[in-house]
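I opened my notebook to look up a few things. Here is what I started from.

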Amino acid sequence: MRDFKQSLSLFWLLMSAASVCAQTSPLRMDLKAALDLAESSNLELRAARQQRAVALAGLKIASQIPNPTVSVAAARDLPHESLLWDQPIELAGQRGKRRAVAQEEQKATELDIGVLARQIRRRTREAFYRAILSSEQTGQAKAALDLATRVAEVVRQRFEAGDVAQLEVIQAEVEVARATAEYEATVQTQKIADVQLAALLNLPLEGTLTLSGRLEDLPKAEALPVITGKALSSNGEVQRAAQEFELEQRKLALAKAQRIPNVSLQAGVDLNAPPDFNVGPRGQIAVSLPLFYHGQGEVAQSSARLEFLRTVLQARRTTASAEVMAAYYDFVAKAGQSEQFGRRIVPASAKLAEMAEDSYRSGKSNLLTLIDAQRRLNETRKSYLDSLFAVQSSFAALEEVVGGSLD
């Protein structure tokens, strides 16, 4: 018994240690995992999906059968008592047409959820690469700080050797202080980006995320005609307009069906009418006569709205095509810009900074020239990182306009 208790205690100790390690160890995640987690765990999306219950309740309401009416009467005249059962009967398939309207409203709810899901996907993609951008900017700031520190050491050595004035030492120290401030600012920016991504993924805000991915891994877009074709069938605005058009068609069919008056079947018994009878059955049919109003207003209103929605659908298709073209050309332009930075501008700036440092070490140029070259290199690298993030962001925008994944 004692051995069993010791084994049980050891088991719970190991489980607790494993739980602590799971809480403190960083979570590794690539883009696909982040998108999948946002799809399943994002709180905004989960709240929106609760609207399905409302739509299902509307469908249940539309399926209801009218309740009967039971009347009991007592009078001094014959017959003294009567019992009547009144059951309304819907004609022209009104109940089925109500269900069709409710089903279209449910589809509209699903479309709204899909639109939000695509928005969350775009925000997640941008937040993922913004976190990577912040991490790489932090690394770039640290490299700039190390370079400024190394240059300051070279200046100090040359000053001690009597090759330069103390003014250059002060200038180098100021440059180190500036690089330190920039590095500390980028560290805080990286924390902000991590928190924003964790909030989208419904993860602990104080946790640590290790992202697998690079800004340089740029996505590839299909040909413009292919993307435009996808957008015309999956764009959120086009789908919503098409759904509104279909819903209005169902409402028009219901309005036409409601022009046919319903029939009310009544059955009952008359009681206590001596000396003729004690129990006598009775039945009747009631129909409202559409003499003055027969639903012409609802039919006219629905028909007019249907024509309006037909025009809206055509306009949404044209707008979606234009938005896809604009987003596609924006993506192509930003991808070309980032390619120029990576292939030509950044390597040339790094070469100039290296030459400026060699020139300063040999005493052929002053410190200001070296500092200027280093600043230009740092700014160029920042611009390169920004251009890479712009490509990722524009691709996310293109995906949202199209209304589906382009990966």
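This is a predicted model: local features need pLDDT of at least 70, side-chain atom pairs count only at pLDDT 80 or more; totals for chains, interfaces and linings use all residues.

Are α8 and α9 roughly parallel or roughly antiparallel to each other? Residues are numbered from 1 along each chain as its sequence is written, and side-chain values use heavy atoms, with hydrogens and water left out.

**Entry: two helices**

I looked up helix α8 (residues 236-257) and helix α9 (residues 296-361). They pack at an angle of about 165 degrees, and their axes are 9 Å apart. Axes are lines fitted to C-alpha atoms, for helices over the stretch in contact, and angles run from 0 to 180 degrees between N-to-C directions. So α8 and α9 are roughly antiparallel to each other; that term needs an angle over 145 degrees, while roughly parallel needs one under 35. I checked the contact by class: twelve nonpolar, three polar and ten charged residues. Asp, Glu, Lys and Arg count as charged.

**Entry: one residue**

Glu 246 sits in helix α8. Its relative accessible area is 26%, so I wrote down partly exposed (buried is under 20%, exposed over 50%, partly exposed in between, with a 1.4 Å probe and protein chains only).

**Entry: the sheet**

I found an open sheet of four strands in the order β2-β3-β5-β6, with antiparallel pairing. Two strands pair if DSSP finds at least two bridges between them. β2 (69-74) and β6 (277-287) stand at the edges with a single partner strand each, so one side of each has no neighbour in the sheet. Six bridges join β2 to β3 (residues 81-89). Val 70 has Trp 85 in β3 as its bridge partner.

Key:
Angles under 35 degrees count as roughly parallel, over 145 as roughly antiparallel, 65 to 115 as roughly perpendicular and the rest as oblique.
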